[in-house]
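Thank you for making time this morning. I would like to walk you through one structure, taking a single side chain to begin with and then moving on to a strand and to the packing of nonpolar residues.

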Amino acid sequence: MAGSGFTCPLCLWEKSSSTWTKPSGSGDLPMLKMPNVIGVVIGKTDVRSFPDRKNIGTERFTFSFTIRDSPAYFINVQSWGREEYIRSLSESFRVGDCVTIENPLIQSKEAEREEKFNPVTPSGYKLLLSENHSVVKTSSCYDTDTRLLALLHLPVKDPQDYYSLGDIVANGQSLHGRVLNVLAAVMAVGEPKYFMTSDKRKGQRCEVKLYDETERSFPIICWDNESIQLAQSWIPQETVIFASDVRINFDKFRNCMTATVISKTIITTNPETAEANVLFSFIKESAQAGALPSPVKELPNEAINLEAVVDVYTVEQLKEKALQSDGKLEPLHGIIYGYISTLDIDENVSRVLRNRCSVCRFIVNEVSNTCTFCSDASPEATSTFASFDILVDVTDHTGTLHSCYLSDTVAEETLGCTVHEFLMLEEYQKTALKWQLLLERSKIYFKVTSSPNWRTGLKVNLLSCKLADPIEASQSLLGRDWNY
């Protein structure tokens, strides 16, 4: 590799390492002034902190990244130190940047232990950065060596070693907890959502929908800033990714399989492989045929498995959570033992029913009566159907949640009638139906999300509303099994 000064390709010092002598009783290589290393950053973690065992009451900070300087050689780099140093160093470069590392320390790695949480590399060593001796400089790849650019598009794993999305879905829960590789195209990139953890640490989450020839929509979830920033650069229905070592999980809430980016994961954007080229062709052909939905909106929420929802809340607790989250509440599923206190179904029918797209079930534009989501993707986009879309108030002994959504099939189950049957009712029958439900103690499953534009700051969707078992309701009223 071209370079200046004492720059040394990874392959050369890897081979020469056999001639270095290790100090007695130490697994580390001598802390000598090593040649500089130039490479492109292909993976990076967020800054984390751990209690300092030597200085009780203080914390040590760390982050790691992976650099590559040739198709065959890449290595993990780790840095520990003061918060100011670590955060400043971490913020100085991103995945895709070229860096020069001056005076790195070299240490043998314990593969079994370290590769449990870090990317698997072909090297038997890792680089350590010392605040007092090492320097990391960022430079343009064009100023260093244009060959480094090509490395950003080479997967770190065998390009044929991956699961299709259809294979993951077909294998289902048998893959729960497995770490494997995925090759897929990007359907939609969600907005990052921010929240506060129970121990007062800031968190973030971003969901990306993937697809391939075998599956139309598959979620992959990013929990760290580095992968979220990378995902924000992806272009829906144009970008292909090879994600090595993602964790596959079964999401009990949504009753579907998902992938999660973890500290071992390295994502290659638009890989230059034969397998990726086949997927690129599929993307192009699908787009030309109009077989894909608009990437602007995300697909509707998947069905929620209510059996997995067990946390019980009061209205007051939900409002407190919303206040504590500072408008960045992570989507929350739970149960309220309360009752519907407002249900206006015997007034203007336009306040009860809305038209939905028969393809994607989104509410359609009221003026044009067309679905902006599917209008360019399907000839059936003009087909609509009437659906319940009712705003209700939910009340318990601690307060009221105003303007909650009772919609679609959940509303049909709650009211005990279809839209067609509802339209056949006389006004007095609608009023009678309303009073059958009002003020009846119910077990209400819900989903809450932050919505700054909503007048309450919370958007509440009811997932189920049925009469509560008297014993369950009594236990709830006494404070048993509440989620604090």
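**Thr400 and its surroundings**

Let me begin with a polar contact of 2.8 Å, which links the side chain of Thr400 to that of Thr395; please keep in mind throughout that this is a predicted model. Thr400 belongs to strand β19, which covers residues 399-407, and, once neighbours within four places in sequence are set aside, Thr400 is in contact with Val315, Lys319, Ser341, Asp393, Val394 and Thr395. Is Thr400 buried or exposed? Thr400 counts as buried, because its relative accessibility is 19% and the cut-off for buried is under 20%.

Now to strand β7, residues 125-129, where 5 of the 5 residues are buried. Tyr125, Leu127 and Leu129 point one way from β7, while Lys126 and Leu128 point the other way. On the pairing side, strand β4, residues 74-81, runs parallel to β7 and is joined to it by 3 bridges, with Val77 standing opposite Leu127. Strand β6, residues 105-108, pairs with β7 in the antiparallel sense over 4 bridges, and here Ser108 stands opposite Tyr125.

Finally, the nonpolar packing. The largest nonpolar core has 34 residues, of which Phe388, Ile390, Val392 and Leu462 touch the most other members. If we leave out residues up to four places away in sequence, Leu462 touches Val392, Val394, Cys404, Tyr405, Leu406, Val410, Ile444, Tyr445 and Phe446. Another core, of 26 residues, lies apart from that one, and its members include Leu180, Ala184, Ile228 and Met257.

Notes:
Residues are numbered from 1 along each chain as its sequence is written. This is a predicted model: local features need pLDDT of at least 70, side-chain atom pairs count only at pLDDT 80 or more; totals for chains, interfaces and linings use all residues. Side-chain values use heavy atoms; hydrogens and water are left out. A nonpolar core is a set of buried Ala, Val, Leu, Ile, Met, Phe, Trp, Tyr and Cys residues joined through side-chain atoms within 4.5 Å. Buried means under 20% relative accessible area, exposed over 50%, partly exposed in between (1.4 Å probe, protein chains only). Contact means heavy atoms within 4.5 Å. Helices (H or I, at least four residues) and strands (E, at least two) are DSSP runs, numbered from the N terminus. Two strands pair if DSSP finds at least two bridges between them. A polar contact is a pair of N or O atoms within 3.5 Å; within protein, one must be able to donate a hydrogen and the other to accept it, and residues adjacent in sequence count only if both atoms are side-chain atoms.
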